[in-house]
Amino acid sequence: MSDNASRAMSLEGGALGGPVIVLLGYVIGGRLGIVWSDPLLLALLGLPILVAAPFLLLPRRRADAVRFIVGSLLGIAILVVVVVGGISLVASMLSDPA
């Protein structure tokens, strides 16, 4: 496997690629007219695992796929913390009477 492909299936590739895959899935779903409910949004968080799942079947790529999945879960967790933190910050700024 080339160096670029190996880098894409690494921990760093997952940390960057996982949130991008989730955001792309959201945008593509919106273009297709999907009405996003809470269960669908939670299922969307599992999309990077679904993308990496075929590589789990290949013995030579299994470790890379696991690293990608772990990286994508970390990246998604960081994205969720930043989004929820930003929403909380804006809400507290708007509700403060001073």
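Is Trp36 buried, partly exposed or exposed? The legends below take this up, along with a helix pair and the model's confidence.

**View 1. Tyr26 and Trp36 form a stacked aromatic pair.** This is a predicted model, in which local features need pLDDT of at least 70, side-chain atom pairs count only at pLDDT 80 or more, and totals for chains, interfaces and linings use all residues. Residues are numbered from 1 along each chain as its sequence is written, and side-chain values use heavy atoms, leaving out hydrogens and water. The two rings sit 5.2 Å centre to centre with 25 degrees between the planes (rings of Phe, Tyr and Trp, the latter by its six-membered ring, pair if their centres lie within 6.5 Å, and planes under 30 degrees apart count as stacked). Trp36 is partly exposed at 22% relative accessible area, and Tyr26 is partly exposed at 40% (partly exposed lies between buried, under 20%, and exposed, over 50%, with a 1.4 Å probe and protein chains only).

**View 2. Helices α4 and α5 are roughly antiparallel to each other.** The axes of α4 (residues 47–56) and α5 (residues 62–95) come within 8 Å and cross at roughly 170 degrees (axes are lines fitted to C-alpha atoms over the stretch in contact, with angles from 0 to 180 degrees between N-to-C directions; over 145 counts as roughly antiparallel). Helices are DSSP runs of H or I, at least four residues, numbered from the N terminus.

View 3. The chain averages 86, and 90% of the residues score at least 70.

Technical notes: Helices (H or I, at least four residues) and strands (E, at least two) are DSSP runs, numbered from the N terminus. Angles under 35 degrees count as roughly parallel, over 145 as roughly antiparallel, 65 to 115 as roughly perpendicular and the rest as oblique. pLDDT is the predictor's confidence in each residue, from 0 to 100. Rings of Phe, Tyr and Trp (its six-membered ring) pair if their centres lie within 6.5 Å; planes under 30 degrees apart count as stacked, over 60 as edge-to-face and the rest as tilted.
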